[in-house]
Amino acid sequence: MFSGSIPALVTPFRDGSFAESEFRALVDWQIEQGSSGLVPCGTTGESSTLSNAEHHRVIEVCVEQAAGRVPIIAGCGSNDTTNALLHLNFSKKCGATAGLVVAPYYNRPNQEGIFAHFETLTKKNDLPLVLYNVPARTVTDILPETVAALSKLASVIAIKDASGEIDRVTDHRLACDDNFCLLSGVDELSLAFNASGGAGCISVTANVAPKLCAEFQAACAAGDYEKARELNDKLYPLHKAMFSDASPGPVKYALSRVVEGFPTDLRLPMTPPSDEARKAVDVALEGAGLI
């Protein structure tokens, strides 16, 4: 169902509120530049600082603006199973293609608890689920054997793996059905991830360089790894610069350099990127030919 370059969209703010017109323009630009799907309200979208009403409005606007041109994987994660279900129910109602659900954070459930969290969601809502494993943020880790068990549930169709462990791609590929979709959650590892059997990336960098990221993913899909390496070399400094300070500060700054007038506002506790981070972004944008 999913492949290629799928940006984890930023949520633009202006004067403390969701900047809807800028977000709509971002959705259009991403699709025009070749992105094969969109993720609203992921980590990069500052979902943790959105009220539920804002969270749902961002998803609704994304689905509405995309108008069926690409699939929408709505961020539906929470450390609270009941609240994750609330997001899933809304996302299904407004026409999202799937829900991206992160492993429960802060609570630190064991593997049994992680399985029960996702199993409960699938029993109460049949929207297709993309598991999201990012131990650096959640502390919890969806271990490969748990991924394998979850993949047997009818509505669990994919994983965004941001564990940073490339061997997990093979673990998942061997343990799960051939139709289970493997997506990278770490831009700079996407080349190795795809070579190991991945189908694409839910990307931070694609916010800023959607065309280059789409071309890179297309080269991987075609098995043209010489071209893929060339594009990866061009993008690699930008991948690193996106995390030269707390995300999404650098990516919002980068967007303001690429898209005239794009707002850089962040919500506390996030603060603007440092001078050093902005310099790293500028150098990477120049190297990629984006400014």
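Two strands pair if DSSP finds at least two bridges between them, and strands themselves (E, at least two residues) and helices (H or I, at least four) are DSSP runs numbered from the N terminus. On this basis, strand 5 (residues 98-102) and strand 6 run parallel and are joined by 4 bridges. The structure is a predicted model, in which local features need pLDDT of at least 70, side-chain atom pairs count only at pLDDT 80 or more, and totals for chains, interfaces and linings use all residues. Residues are numbered from 1 along each chain as its sequence is written, and side-chain values use heavy atoms, with hydrogens and water left out.

- An open sheet is formed by 7 strands in the order 1-9-8-7-6-5-4, with parallel pairing.
- Its edge strands are strand 1 (4-7) and strand 4 (73-75), each of which pairs on one side only.
- From one strand to the next, the twist averages 30°; axes are lines fitted to C-alpha atoms (for helices over the stretch in contact), and angles run from 0 to 180 degrees between N-to-C directions.
- Strands of a sheet pair through backbone hydrogen bonds, either parallel or antiparallel.

- Strand 7 (residues 156-161) in turn pairs with strand 8 (residues 181-184) in the parallel sense over 4 bridges.
- Lysine 160 has leucine 183 of strand 8 as its bridge partner, and aspartate 161 stands opposite serine 184 in strand 8.

**Burial of the strands**

- Buried means under 20% relative accessible area, exposed over 50%, and partly exposed in between (1.4 Å probe, protein chains only).
- Strand 6 (residues 129-133) has 5 of its 5 residues buried, so it is largely enclosed by the rest of the structure.
- In a regular strand the side chains alternate between the two faces of the sheet.
- In strand 6 both faces are covered: Leu129, Leu131 and Asn133 are buried on one side, and Val130 and Tyr132 on the other.
- Strand 7 is mostly covered, with 6 of its 6 residues buried.

**Annotated positions**

- An unreviewed UniProt entry places the feature "binding site" at Thr44 and Ile202; UniProt positions are given in the numbering used here, feature names are shortened, and annotations may be inferred rather than shown by experiment.
- Although these positions are spread over 159 residues of sequence, they cluster in space, with a largest C-alpha distance of 10.5 Å.
- Threonine 44 is located in the loop between helix 1 (20-32) and helix 2 (52-66) and is buried, with a relative accessible area of 6%.
- Leaving aside neighbours within four places in sequence, threonine 44 is in contact (heavy atoms within 4.5 Å) with residues including Ala8, Val10, Val204 and Pro248.
- Isoleucine 202 belongs to strand 9 (residues 200-203) and counts as buried at 2% relative accessibility.
- With neighbours within four places in sequence again left aside, the contacts of isoleucine 202 include Ile6, Val39, Lys160 and Leu183.

**The aromatic pair**

- The structure holds 1 aromatic pair.
- The ring centres of phenylalanine 18 and phenylalanine 23 are 5.5 Å apart and the planes are at 65°, so the pair is edge-to-face.
- Rings of Phe, Tyr and Trp (its six-membered ring) pair if their centres lie within 6.5 Å; planes under 30 degrees apart count as stacked, over 60 as edge-to-face and the rest as tilted.
- Both phenylalanine 18 and phenylalanine 23 are buried.
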